[in-house]
Structure formats: structure tokens, C-alpha cells
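Q: Hi! Could you walk me through how the two chains meet here?

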Amino acid sequence: MKKRQMYVCGHLWPGRAGTMVHTVSGRPEATGGGPILLGQRARFTHLVFSVNGIHELYIRLAAKMEVKKTP
Amino acid sequence: MPANIIPTAAVRSIPPVDDAFLVNVASTQGAMLELEYRQAGPKWASETDQWDTHLISSNPAVNIAIPAQKVDIHKDWEVRVHTATNAGFRSPWSPAVKVAAREKAKENTDASTDKKDTPGHAVLATAVNNGSGKYKTGGSSPAVALSELSDDDLLQFLPKAGSCSYVIIHGRTSRGVWTILHRGGISPMRVGMILTGRRNAFTHHIFSANGEHERYQRRACTFDIVNQTAADKKSDGGASTSDNGGVSSPAQGTEKGLGEAVNHGTGLRKSGGTLIWTPISEVKDNDKLHFT
């Protein structure tokens with residue numbers, strides 16, 4: 001049986017409920033801050049990350065993921 | 001005390017009259033009785049299985065007036081009768097019972113005050129629904145000033161008793177108007193997510209358990225509202241100063257943790273995990289994000 005891979009999803013939140021915009025998803029690999037923001041920094045207030053799930057809908061694969069940033 | 005169960009057929013139900021519902025119990029026992037009654041049938045998981053008590057003096061037949069709001073006309077009644085002995089008999093209106101209830105309430109208050117002082121728990125308030133379903137007196141909806149909370153604070157709702165079906169968070173304006181900001185499960189959530197950019201419009205958050213606008217459902221529950229971010233800072237504060245001695249090494253200074261996302265593996269919506277909420281101002285275009 002193929003082992004399911006952990007994946008990460010990133011959303012941009014403009015400060016209003018119900019309007020999260022999907023920006024990135026895939027394997028947990030290092031990525032730059034600029035590409036994630038889609039060049040629309042002014043439109044959003046928060047960057048939201050989830051593991052093994054999207055839009056607060058989670059799959060049945062338990063995981064814990066830490067996000068760190070380096071300049 | 002042995003219970004003498006009266007079959008349901010012996011209980012005659014009469015449809016609601018005015019604001020009361022009458023149950024006519026034909027008891028064959030003429031002694032001092034303690035009668036307990038409840039409605040039979042399937043119950044929701046959140047509903048309590050408690051019996052209500054009624055004391056009968058020496059009258060073999062009794063009419064019990066029950067508020068119509070407590071009655072489901074589609075359900076039968078279950079009644080059981082105890083023989084009240086003199087030793088165990090206490091009228092609910094006797095001073096001794098009142099004093100005992102007052103002392104118990106005081107103990108509960110002391111216990112909640114002690115928990116506030118426990119390190120690692122920044123308990124902001126405790127929301128209570130006592131299950132009576134009464135307007136205003138059916139519970140308490142604590143208010144927390146928004147000046148005490150920042151948008152990044154993570155609020156957690158820790159159930160203490162009963163079944164918490166949902167929590168309602170109101171925003172209260174400076175003129176006293178309440179607006180519903182959140183209605184849903186008791187999963188952790190950020191203050192910024194609740195306020196949705198309307199911080200300036202409100203002065204307080206008001207938390208209600210199984211009810212809203214001081215109208216409570218007949219579903220008793222109690223939960224603590226905990227500022228998890230403040231609790232984490234409190235516990236991390238001592239550790240960081242002792243580890244680094246106030247001086248951060250260059251390697252640690254360059255890397256900054258943004259948070260931890262969790263998936264519990266239950267597959268449940270919202271409550272199945274936690275998200276990382278990062279203000280965009282913290283992420284520069286040249287920053288590199290690492291997921292571990």
C-alpha cells in the first residue's frame with residue numbers, strides 16, 4: 001500500500017471571515033516569502049498554514065508541522 | 001433506599017393548561033412519599049438523565065404542576081416512588097438545605113478562583129449554562145475587554161462540565177449593542193479571526209455557552225476561556241532567559257519560528273487540527289520559509 005505523504009497548504013486571509021485565498025500547496029519544502037504572497041501583500045492581513053488539510057477541512061492523517069523563517 | 005417503580009400506564013398525562021402541565025399519579029401508598037419523575041424516551045447525548053423530585057405528604061393521589069416549557073408532549077412519563085424515612089427526610093425549603101447549597105456554591109467559586117492562579121493557564125473567564133433554560137438567570141455570559149486581547153492571541157475553550165454543543169461570541173459596542181461574531185464549535189480560534197478586522201467597532205467580547213443574547217438552551221455546560229498565547233508566553237518567558245542568559249546566539253537570531261500546525265488525524269472539520277496564523281507584516285519578500 002502506498003504511504004500517504006504529508007502536505008502543507010498556505011492561504012492568504014484578507015481580514016474577513018470566509019474569504020481565504022489558496023496560495024500554495026505541496027510537499028513541505030523551503031519556499032520564498034515573495035512567491036507565496038502572489039504580489040498582493042496589500043490585500044491580505046494574515047498568512048495561514050495548515051498541514052494535511054485545506055480550508056479547515058482535514059484529512060485523516062495526523063501530523064505536526066513547524067514553520068520557521070530565515071532572512 | 002429501594003425504589004418502587006410505578007408503570008407508565010398509571011400516569012395520566014393531560015395536555016398543557018395555561019403555563020402548567022399536569023401529571024396525575026394514582027399512588028396506592030398512603031405514607032410519606034418522595035416522588036421522582038422524568039420524561040422517558042431517547043435523549044440527546046447532551047441531555048441529562050436527572051430525575052426531578054416532588055414530596056408528597058399523605059395524599060395517595062397527586063397533581064404535579066410542571067412548567068409547560070419543560071414538557072415534551074410526545075414523550076411518556078417515568079415515575080418512581082421512594083418511601084421517605086424520617087432520618088433521610090429533608091424539605092427542600094428547610095434552612096439546613098439552603099445553607100448546604102450556599103456552602104457548595106461558595107466552594108465552587110473558590111475552586112474556580114484557585115485555577116486562575118495556576119501557572120500555564122491564563123483563564124480569562126468562565127461561561128456557565130446551568131441548564132434551566134431561563135432568560136438571563138439561566139447562566140452567565142462573561143465579557144472580556146478587547147484591550148486585554150491582541151489579534152494573534154489564540155483562545156481555547158476548555159469544557160469543565162456538561163456538554164458544550166456550541167459557543168457564541170458576541171462583540172459589544174461602546175453603546176451596549178451586542179452583535180454575533182462567531183457561532184460554532186469550541187475549537188481554538190484566533191481573536192483576529194473572530195473580529196474580522198472590526199476591532200474598532202467593539203469594546204468587549206461576550207462568551208455564551210449553549211445560548212445567545214442571554215437566552216440559554218436547556219443544556220447545562222461550563223467552560224473556561226483560556227488565552228493560550230499568553231499562557232505559552234508565560235511558560236516560555238522563564239525558559240528563554242535561562243537558556244540564553246539574555247543574549248541570543250547568531251545562529252538562533254537568524255531563524256524565527258512562526259508556529260506549529262497540527263492535524264489530529266480525526267478528519268473533523270475545524271476541530272480536526274490547528275492552523276498557523278502569521279501576520280503578513282512578519283513575512284518579508286526575501287524571507288525563506290522552512291517547513292519541518
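This is a predicted model: local features need pLDDT of at least 70, side-chain atom pairs count only at pLDDT 80 or more; totals for chains, interfaces and linings use all residues.

**Chain A meets chain B**

Q: Which residue forms a salt bridge with A:R41?
A: The partner is B:D285, and the closest N and O atoms of the pair are 2.9 Å apart.

Q: And how many residue pairs are in polar contact?
A: Between chain B and chain A the count is 25 residue pairs, both residues being at pLDDT 80 or more.

Q: Which element gives the largest share of chain B's side?
A: That would be β19(B), with eight residues. Other elements of chain B giving two or more residues include α2 (191-195) and β22 (288-291).

Q: What's the make-up of that side by class?
A: On the side of chain B that touches chain A, 19 residues are polar, 13 nonpolar and 11 charged.

Q: Switching to size, how much area do the chains bury between them?
A: About 4200 Å², with 59% of it on carbon and sulfur atoms.

Q: Which three residues of chain B supply more of its buried area than any other three?
A: B:N263, B:I280 and B:F291, which supply 20% of the area chain B buries against chain A.

Q: Back to strands: which strand of chain A is joined to β22(B)?
A: Strand β3 (residues 31-32) of chain A, through two bridges, and the strands run antiparallel. Within that pairing, A:T31 stands opposite B:L289.

Definitions and conventions. Residues are numbered from 1 along each chain as its sequence is written. Chains are lettered from A and ligands numbered from 1 in the order in which they are written. Side-chain values use heavy atoms; hydrogens and water are left out. Buried area is the accessible area (1.4 Å probe) that two parts lose on being put together, summed over both. A salt bridge is a side-chain nitrogen of Lys or Arg within 4 Å of a carboxyl oxygen of Asp or Glu. A polar contact is a pair of N or O atoms within 3.5 Å; within protein, one must be able to donate a hydrogen and the other to accept it, and residues adjacent in sequence count only if both atoms are side-chain atoms. Helices (H or I, at least four residues) and strands (E, at least two) are DSSP runs, numbered from the N terminus. Ala, Val, Leu, Ile, Met, Phe, Trp, Tyr, Cys and Pro count as nonpolar, Asp, Glu, Lys and Arg as charged, and the others, Gly among them, as polar. Two strands pair if DSSP finds at least two bridges between them.
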